[in-house]
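Me: Please go through the charged pairs of the model shown below, with the cut-offs behind each term.

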Amino acid sequence: MITLVLVGALGAAVQPPAKAGPEKHRAGVVFLPDKGIDAPIFAEVQAFFTQANTFYGEEVLLIGDGPRKALRQRLAKCGADLRCLAKIGRNNKLSEVVLARGQANPAGGVRVVFSAVSVATASVAREITLELASSEAVKVELARTYFEVVGIITPGTVTIENAPETVLVDGTPAPTRNGALALLPGPHIVRIGDEEQKVMVLPGETRALTFASLQPPPPPPPAAASPAVLDAPAKPAQAVSPPAPTGPAPTVAVVDAPSVEEAEQREASPSRWVRWTGLGLAGAGLVLIGVGGVVGTGTTVELRSGTSQAEAQRLNRDARAAARTANTLLGVGAGVMALGAAAWAVDVFVLSREAQVTAALAGGGAWVGVRGRF
């Protein structure tokens with residue numbers, strides 16, 4: 001038995017079914033409990049319908065207290081008069097009126113009789129009786145019969161990977177089409193061979209099932225590699241001693257790296273004045289550029305009212321002279337700065353290189369090694 005709460009199944013990813021036009025099915029459910037029944041169990045029935053109505057409010061109208069209290073009273077007055085029930089349902093744009101009558105069960109619990117009255121024919125379309133001994137039984141039984149009670153018959157789809165042409169659904173053979181089954185809403189048991197699975201089918205929704213017996217066998221493991229054939233170890237080579245020299249011992253002259261004292265003297269070599277001269281020239285050029293910028297600020301002339309023409313000409317000449325002086329200072333400063341930068345670069349990248357040469361002469365040949373530091 002499937003002990004799945006319908007509302008829990010709906011809450012995962014279910015959306016209300018798409019609207020199907022003006023003739024869409026809609027059932028009005030009215031709860032009519034008898035006196036003396038187990039109130040908590042019947043309250044669970046009403047709570048189940050209220051929660052399910054979150055998803056199927058367009059297909060199911062709950063008629064109870066609150067805004068629909070007057071409608072509930074009118075339906076209750078109809079009693080067993082099917083024409084009366086059908087007329088009221090038709091006036092409220094319902095397809096069916098579902099009476100949920102709660103009765104005390106002599107064996108314990110509550111008996112709920114759902115009678116669906118068609119407003120088109122004024123007859124009972126179906127009647128479903130549930131024996132509910134506990135609150136847990138409410139969830140189980142309504143999960144199984146909810147869609148049938150309210151008349152929602154929009155099928156759902158169950159897809160099966162690598163499905164055969166026929167499977168067993170609730171013990172009855174059912175054909176598959178392209179690996180899919182169209183089933184009425186509600187819980188079902190799908191069986192293939194010795195393997196079965198339970199699935200809750202929801203209106204207009206698709207559920208996927210995977211059966212282990214239908215999966216292709218895993219690929220065979222790769223063949224074990226054959227042991228490699230190793231060649232016999234080669235015979236170790238005999239060490240050959242060089243022939244003893246027959247002539248006089250060679251004379252070797254070596255010029256090696258400079259000593260620490262020599263390195264310090266090189267650090268203080270005359271090339272250092274080039275670097276400092278370059279830095280000084282660059283600084284002087286920067287000063288000239290700054291002076292030129294200051295002089296350039298005097299190239300602007302402001303004429304006030306009452307200034308004579310001669311005074312205006314004199315101010316114009318002064319401004320032009322200041323502009324020429326500023327341009328000269330800027331040009332000379334840039335040139336001196338560039339010259340200083342060039343001198344600094346020559347010292348760093350050319351004059352400060354140090355190289356040391358190691359030479360050796362031997363009988364029958366000579367070799368020279370050069371080692372530098374930059």
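Reply: The side chains of Glu196 and Arg191 meet in a salt bridge at 3.0 Å, N to O, the term requiring a side-chain nitrogen of Lys or Arg within 4 Å of a carboxyl oxygen of Asp or Glu. This is a predicted model, in which local features need pLDDT of at least 70 and side-chain atom pairs count only at pLDDT 80 or more, while totals for chains, interfaces and linings use all residues. Residues are numbered from 1 along each chain as its sequence is written, and side-chain values use heavy atoms, with hydrogens and water left out.

Me: Is Glu196 buried, partly exposed or exposed?
Reply: Buried means under 20% relative accessible area and exposed over 50%, with partly exposed in between (1.4 Å probe, protein chains only). Glu196 has a relative accessible area of 41%, so Glu196 is partly exposed.

Me: Which residue forms a salt bridge with Glu96?
Reply: Glu96, which counts as buried at 9% relative accessibility, lies in strand β3 (residues 96-104), and the partner lies in strand β5 (residues 123-132), so the pair ties together parts that are 30 residues apart in sequence. Strands here are DSSP runs of E with at least two residues, and helices are runs of H or I with at least four, numbered from the N terminus. With the closest N and O atoms 2.7 Å apart, the partner is Arg126.

Me: How far apart are the closest N and O atoms of Lys24 and Glu59?
Reply: Lys24 sits in the loop between α1 (6-10) and β1, and Glu59 in the loop between α2 and β2, 35 residues apart. Glu59 is buried, with a relative accessible area of 5%. In the salt bridge between Lys24 and Glu59, the closest N and O atoms are apart by 2.8 Å.
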